[in-house]
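Reader: Could you walk me through a few features, giving the general idea and then the case here?
Author: Gladly; here is the structure.

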Amino acid sequence: MRAARLSAVTATATVAALTALTGCTEKGSESGDRVINVTATDSKCEVSKKEFPAGHVELAIENKGSKVTEVYILFPDDRVVTERENIGPGTKQTVTAEVKAGDYTIACKPGMKGDGIRQDVKATGGTAAKRDPRLDKAVAAYRTYVQAQADATLPLAETFAKAVKDGDIEAAKAAYAPSRIGWERTEPVAESFGDIDPKVDVREDGLEEGQDLEKDWTGWHRLERSLWKDKKLTARDSELADQLITDLTDWQKRVGKADITPTSMANGAKELLDEVATGKVTGEEERYSHTDLVDFKANVEGAEKSYELLKPVAKENDAALTTELDKQFAALNTLLDKYRADKASYDFVSYDKVTKAQQKELSDAVNALAEPLSKLAAAVVTKSS
């Protein structure tokens, strides 16, 4: 998880791709009604319209400020519909989402901190986005997958927590990375709740302004620091281990209620690649344990799961895209295999042993996959929606 994330199931899709799939042009069309221009500055979050038809909508975002920003569509209770992060000054991004009729908030977060600058908006009409029946099956299958990952994570995390509480540093180190795999595979869904991720997966530099490092920092990475940097376990670590299990149990119980759509699955796949690019390739995520390649692989597996479930429909709409995605997923997985003992294990090389040249190779492979993956959401939008 990158610093200060309050994120969710998200990603990007290009205006051109969406227009081609809908068969509409923006001028004088329903597609134009569904495009919301968002102008973000360091002090403002301006939207071109505050009402739009329910169904598929597109945020065309431009950052005119001096800070890196991120933009969200939020439910009234602050759950995340979709978001786009790391939007640099002077750059533009596009986000596609599926929304039902109702009230929402668009929030811009300059500096990617805090609650952001907010605008209340409304999706009107009772017509849901038209959907290929195969996509309903894909969503159902993905729900089963996400729940299975949460169910499998809990006992692994309990093993990790027990070792921490027993004061067994070596056992805790061995259990740490395996306990995170299911979370990393499905992280965008977990992040969509907003309040769970900051408790279990925030990094040292990800705390909000005013939070106390010792009192407010909880979760895996706080324990990672104790194990690898401090090289000792205290009574506070035992408390943190118990809290981790409490928070992960909360996640396990709530994950089945997540709002999941075909576009959010596609967006989540791209989000997982963004996680790799901004945290794993850089070595920032697991800065003490250097188990970044375990997270890296889990992120790729989660992205590939969403893609495989959506692929039958995406292939019909954009065969060239799925051909490219098949190629790039295979290339990245082959490259990752070079860093582990065998394809069935998660026994990856410690990331501090990976050279700068090798990191560059991994980064290039991630970018080669991320670019076509950003178009997957558009490829599952029904032409008439």
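Author: Helices (H or I, at least four residues) and strands (E, at least two) are DSSP runs, numbered from the N terminus. This is a predicted model, in which local features need pLDDT of at least 70 and side-chain atom pairs count only at pLDDT 80 or more, while totals for chains, interfaces and linings use all residues. Residues are numbered from 1 along each chain as its sequence is written, and side-chain values use heavy atoms, with hydrogens and water left out.

Reader: Where does Asp78 lie?
Author: Most residues other than glycine have a negative phi. Asp78, not a glycine, has a positive phi of about 75 degrees, and lies in the loop between β5 (69–74) and β6.

Reader: How does the sheet containing β6 run, in what order?
Author: Strands of a sheet pair through backbone hydrogen bonds, either parallel or antiparallel. Pairing here requires at least two DSSP bridges between two strands. Five strands form an open sheet, β3-β9-β8-β5-β6, with mixed pairing. At its edges, β3 (51–53) and β6 (80–87) each pair on one side only. β3 runs parallel to β9 (residues 117–124) over 3 bridges, and Glu51 has Lys122 in β9 as its bridge partner.

Reader: How many residues does the largest nonpolar core have?
Author: In soluble globular proteins, nonpolar side chains tend to be buried together. A nonpolar core is a set of buried (under 20% relative accessible area, 1.4 Å probe, protein chains only) Ala, Val, Leu, Ile, Met, Phe, Trp, Tyr and Cys residues joined through side-chain atoms within 4.5 Å. The largest has 75 residues, with Phe160 and Leu248 among those with the most contacts inside it. Helix α3 (residues 133–166) gives the largest share, 13 residues.

How values were computed: Buried < 20%, exposed > 50% of the residue type's maximum accessible area, 1.4 Å probe, protein only.
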